[in-house]
Amino acid sequence: MTITTRSAPVLPDGLVIVVKRECETCRMTVPVIEQLRNGPLPVTVYTQDDPNFPESVDAIHDHDLAVSWHHTIETVPTVIRVNDGREVARTVGWSRTEWEAVTGRNGLGEDLPVMRPGCGSMSVDPDLVDSLRVRFGSSVLGARRVEIASAEDEFEAMFDRGWTDGLPVIPPTEERVMRMLTGTSRAPDDVVAVVPPDLVEVTIEKIAINAVMAGCKPEYLPWVITAVEAVCNDTFNIHGVLATTMPVGPVIVCSGPGARAIGMNSGMNVFGQGNRANLTIGRAVQLVIRNVGGGRPGEVDRATHGNPGKISFCFAEDDVHSPWTPLAQARGATPGVDALTVFPGEGPRCVVDQIARDPESLSNTFAACLRTLHNPKSILAFDAILVVGPEHARVFAEAGWNRERVVDEINARLQIPGSELVRGANGIAEGIPAHLKDAVLPKFRPGGLLLVHAGGGAGLFSAIIGGWANGDVGSQPVTKEVTR
Amino acid sequence: MTTLLDPTNERRVSTMERVGRPESLRGLTVGLLDISKARGDVFLDRLEERLSEMGADVRRFKKPTFTKPAPVDLRHEIATQCQVVIEALAD
């Protein structure tokens with residue numbers, strides 16, 4: 001969003017023309033400006049670079065570019081018609097007919113070409129725009145300013161203040177945070193959620209600060225905001241996901257064309273290193289939990305082992321090549337709309353089956369591997385995401401099995417006799433109470449097995465992401481559409 | 001000099017005075033909060049026996065789930081009814 005706080009300088013009535021000497025089109029139109037000054041309407045010229053340009057006209061130097069910034073000058077020359085302090089017409093560059101329409105004068109610049117494009121305004125110069133955004137908009141930022149002395153290493157200073165997840169973070173300067181905020185239409189002081197464990201309201205601004213630190217680009221910000229909303233509620237229960245001794249964190253699965261547009265990886269090495277969007281979106285969410293929510297390891301985070309995905313675990317679903325509806329859509333999101341699903345998950349582990357060419361055999365492998373999730377005798381308490389690689393998915397696609405069929409077939413293979421599950425069975429003390437020995441019990445609750453299509457094109461592999469205490473007791477996966 | 005924006009919640013930590021340790025539990029109301037972890041009740045049942053023997057008036061409370069903070073109403077109930085509280089974290 002364009003954030004402007006200082007009220008815009010009022011333009012004088014008549015004609016306002018914004019130029020710069022560096023622009024050849026501006027120089028070409030000087031005779032026309034002189035022509036207009038001899039007309040009935042008052043003419044005010046603002047010059048962006050050289051205060052003496054045009055020499056023949058008494059121009060006002062827009063030295064801090066306040067006029068250009070506040071009146072959204074993107075091209076020079078720009079001609080604006082102002083009546084009673086209000087803009088009523090505008091044209092950019094040189095077009096005789098346009099200039100004549102805006103100024104109400106005929107016969108302008110008859111010896112000039114019919115039209116000529118203008119040049120970029122200094123107020124949108126990429127080298128200047130960040131500092132201008134701060135100059136004219138940073139007063140909307142409410143965060144405390146922390147001054148780092150010139151002799152101090154700012155990266156070390158951020159470590160010292162406990163702001164990082166153990167890796168270096170990008171210094172959240174006003175320039176960077178203002179640039180990050182261009183990624184959303186929401187106001188910086190909009191409250192997004194209440195973040196556990198300290199139960200603190202988090203604003204768009206605080207999310208943007210942490211997104212800068214994580215290394216996000218502005219176009220990732222809506223995904224970060226949506227993920228923060230998705231985890232900070234009683235349904236997902238990030239408090240419990242953080243506080244548990246189990247090794248889980250928020251796993252973020254992104255679906256929709258926007259995930260591709262920001263360059264997310266859904267293919268080769270999908271859970272791995274090397275993709276900025278995947279890694280920084282997940283990291284930003286965890287930095288919000290840490291810095292705003294106060295959720296730090298060894299404090300409220302009591303994980304016995306944790307897992308490396310607690311720094312960031314975020315990836316895109318390969319919905320273009322998927323034989324199935326995207327996960328988000330299967331969970332209620334509007335088709336074709338960007339959405340993400342958050343899941344309380346541990347690290348992924350590989351399922352290898354290089355022989356199966358029929359869906360029944362592959363389902364048998366998936367069921368056998370899923371059976372061991374957390375403990376082969378554990379039932380109903382934990383959900384899982386099965387991330388099916390493209391080469392495995394092809395086996396199902398060729399057999400015409402849709403998402404529901406695959407899930408049903410796997411679940412059908414995971415109806416387990418109680419005699420195998422009770423305490424002491426198979427020499428394992430862990431298990432369910434003895435009175436359930438004659439029951440047949442499912443590994444997963446209804447809806448507890450989530451299917452995602454992702455991974456590289458080569459390799460007859462899939463992956464399992466194990467969950468955490470499910471349902472009302474613990475955490476439910478949450479799917480949310482991404483809003484900008 | 002670099003100016004950074006504070007990424008934290010900017011809260012100041014408030015310090016609260018601890019309630020003094022009672023000389024004896026006799027005649028005091030002791031709340032036992034079961035956080036709903038498996039077998040936490042076994043531990044609390046035994047504690048209740050021992051505390052009752054010591055002359056404490058024991059009241060039992062239970063969180064709906066161990067994964068979420070105790071609801072505000074429950075915390076209020078405990079605070080208004082009890083002089084002492086014991087929270088069981090067990091597996």
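## How two helices cross

How are α5(A) and α7(A) oriented to each other? In this predicted model, the axes of helix α5 (residues 129-137) and helix α7 (residues 174-181) of chain A come within 8 Å and cross at roughly 90 degrees. Angles from 65 to 115 degrees count as roughly perpendicular, so α5(A) and α7(A) are roughly perpendicular to each other.

On the α5(A) side, the contact is made by A:Asp130, A:Ser131, A:Arg133, A:Val134 and A:Gly137, and α7(A) answers with A:Glu174, A:Glu175, A:Met178 and A:Arg179. Sort that contact by class and you get five charged residues, two polar and two nonpolar.

## Where chain A meets chain B

Moving on to the other chain, 15 residues of chain B are in contact with 34 residues of chain A. Five elements of chain A give two or more residues each to the side that touches chain B: β10 (145-148), α7, α8 (204-214), α10 (238-243) and α12 (276-291). That side of chain A divides into 16 nonpolar, ten polar and eight charged residues.

β10(A) pairs with strand β1 (residues 2-5) of chain B in the antiparallel sense, over four bridges. To pick out one pair, A:Glu147 has B:Thr3 in β1(B) as its bridge partner.

The crossing of α8(A) and α9(A) is right-handed. A:Ile204, A:Ile207, A:Ala208 and A:Ala211 of α8(A) make the contact with A:Leu221, A:Val224, A:Ile225 and A:Val228 of α9(A). By class, the contact of α8(A) with α9(A) has eight nonpolar residues, with no polar and no charged ones.

Just after α8(A) comes A:Gly215, with a positive phi of about 100 degrees. In α9(A), eleven of eleven residues are buried, among them A:Trp223, A:Thr226 and A:Glu229.

Chain A has an open, mixed sheet of four strands in the order β14-β13-β15-β22. Its edge strands, β14 (314-316) and β22 (478-481), each pair on one side only. From one strand to the next, the twist averages 20 degrees. Strands β13 (residues 249-255) and β15 (residues 339-345) of chain A run antiparallel and are joined by seven bridges, with A:Ser255 opposite A:Ala339 in β15(A).

Two helices pack on this sheet. α9(A) touches β13, β15 and β22 of chain A, and its direction makes about 50 degrees with that of β15(A). α12(A) touches β13 and β14 of chain A, and its direction makes about 135 degrees with that of β13(A).

## Loops with something to check

The loop between β11 and β12 of chain A holds A:Pro197 and A:Leu199. A:Pro197 has 19 other C-beta atoms within 10 Å; a residue needs 20 or more to be buried, so A:Pro197 is partly exposed. Leaving out residues up to four places away in sequence, A:Pro197 touches A:His239, A:Leu242, A:Ala243, A:Gly293, A:Gly294, A:Gly295 and A:Val300. A:Leu199 is not a glycine, yet has a positive phi of about 55 degrees. With 13 other C-beta atoms within 10 Å, A:Leu199 is partly exposed.

A:Thr72, in the loop between α3 (66-70) and β4 of chain A, is not a glycine either, and has a positive phi of about 50 degrees. A:Thr72 has 15 C-beta neighbours inside 10 Å and therefore counts as partly exposed.

Then there are the cis peptide bonds. The bond from A:Phe53 to A:Pro54 is cis, with omega near -10 degrees, and A:Pro54 is found in the loop between β2 (43-47) and β3 (60-61) of chain A. The bond from A:Val76 to A:Pro77 is cis as well, with omega near -5 degrees; A:Pro77 is in the loop between β4 (75-76) and β5 (78-83) of chain A.

Key. Residues are numbered from 1 along each chain as its sequence is written. Chains are lettered from A and ligands numbered from 1 in the order in which they are written. This is a predicted model: local features need pLDDT of at least 70, side-chain atom pairs count only at pLDDT 80 or more; totals for chains, interfaces and linings use all residues. Axes are lines fitted to C-alpha atoms, for helices over the stretch in contact, and angles run from 0 to 180 degrees between N-to-C directions. Angles under 35 degrees count as roughly parallel, over 145 as roughly antiparallel, 65 to 115 as roughly perpendicular and the rest as oblique. Two residues are in contact if their C-beta atoms, placed from the backbone, lie within 7 Å. Ala, Val, Leu, Ile, Met, Phe, Trp, Tyr, Cys and Pro count as nonpolar, Asp, Glu, Lys and Arg as charged, and the others, Gly among them, as polar. Two strands pair if DSSP finds at least two bridges between them. A crossing is left-handed if the near helix is turned anticlockwise from the far one by less than a right angle, and right-handed if clockwise. A residue is buried if 20 or more other C-beta atoms lie within 10 Å of its own, exposed if 12 or fewer, and partly exposed in between; C-beta atoms are placed from the backbone.
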